[in-house]
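Work through the exercises below with the sequence and the model side by side, and try each task before reading its solution.

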Amino acid sequence: MESKIIQPPKRCGCANPSEKCEELARTVRPGKVDPDAVLVFDVRREADYAASNEIIPGALWKNPDKIDAWLGAVPRTLDVVIYCVRGGAVSNAVVDRLHAAGVKARYIEGGLEAYTAAGGKVARK
């Protein structure tokens, strides 16, 4: 008798065990970000945030080094998009923590630099 391994449902709720589930994507392409449709967090390190004059309109700055202080207040029912300078270690670490807490979060591939290069709108802070 062949035993079948039962896969638990993915975090998105679908029963498709494939990692190709669009709901599970860790990243979003810079040209596909709609800041009016999602909750956007700027998670650049404090020095990088302070040195810049730009922010994605409507984004809220959240200090990645103090994620324990703000993680509990992040809504679990909204899609969250985060970004740092280049979409590297900072974004990955924050997405990992958000996922572990049950938040559906993705980060912008290439960070704020790629977003602006793709024609994304920015505002002065």
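**Exercise 1. The nonpolar core**

Which residues in the largest nonpolar core touch the most other members? Keep in mind that the model is a predicted one.

Solution. Begin with the membership: the largest nonpolar core has 17 residues, and those that touch the most other members are Phe41, Val43, Trp70, Val80, Ile82 and Leu98. Next, ask where the members come from: strand 2 (39–42), helix 2, strand 5, helix 3 and strand 6 are the elements that give two or more residues to this core. Among these, helix 3 provides the largest share, with 4 residues. As a general background, nonpolar side chains tend to be buried together in soluble globular proteins.

Then take a single member and follow its contacts. Leaving aside residues up to four places away in sequence, Ile82 touches Phe41, Val43, Ser91, Val94, Val95, Leu98, Arg106, Tyr107 and Ile108. Finally, look beyond this group: there is a second, separate core of 12 residues, and it includes Ile55, Val81, Tyr83 and Tyr115.

**Exercise 2. Salt bridges and their surroundings**

Solution. The structure holds 6 salt bridges in total, and three of them are treated here step by step.

- Asp68 belongs to helix 2 (residues 67–70) and Arg97 to helix 3 (residues 89–100), so that the pair links distant parts of the chain, 29 residues apart. Because its relative accessibility is 61%, and exposed means over 50%, Asp68 counts as exposed, whereas Arg97, at 34%, counts as partly exposed.
- Since Lys104 lies in the loop between helix 3 and strand 6 (105–108) and Asp79 in the loop between helix 2 and strand 5 (80–83), the pair ties together parts 25 residues apart in sequence. Lys104 has a relative accessible area of 28% and is partly exposed, and Asp79, with 32%, is partly exposed too.

**Exercise 3. The largest pocket**

Solution. The largest pocket holds about 210 Å³ of space. It is lined by 13 residues, of which Thr27, Val28, Arg29, Lys32 and Arg106 are the closest to its centre. Sorted by class, the lining contains 6 nonpolar, 1 polar and 6 charged residues.

Conventions:
Residues are numbered from 1 along each chain as its sequence is written. This is a predicted model: local features need pLDDT of at least 70, side-chain atom pairs count only at pLDDT 80 or more; totals for chains, interfaces and linings use all residues. Side-chain values use heavy atoms; hydrogens and water are left out. On a 1 Å grid over the protein atoms alone, a cavity is a set of points where a 1.4 Å probe fits but cannot get out, and a pocket is an open set with protein on both sides within 12 Å along at least five of seven lines; lining residues have an atom within 4 Å of a point. Grid points are joined across faces, edges and corners, and a volume is the space filled by probe spheres set on the points. Ala, Val, Leu, Ile, Met, Phe, Trp, Tyr, Cys and Pro count as nonpolar, Asp, Glu, Lys and Arg as charged, and the others, Gly among them, as polar. A salt bridge is a side-chain nitrogen of Lys or Arg within 4 Å of a carboxyl oxygen of Asp or Glu. Buried means under 20% relative accessible area, exposed over 50%, partly exposed in between (1.4 Å probe, protein chains only). A nonpolar core is a set of buried Ala, Val, Leu, Ile, Met, Phe, Trp, Tyr and Cys residues joined through side-chain atoms within 4.5 Å. Contact means heavy atoms within 4.5 Å.
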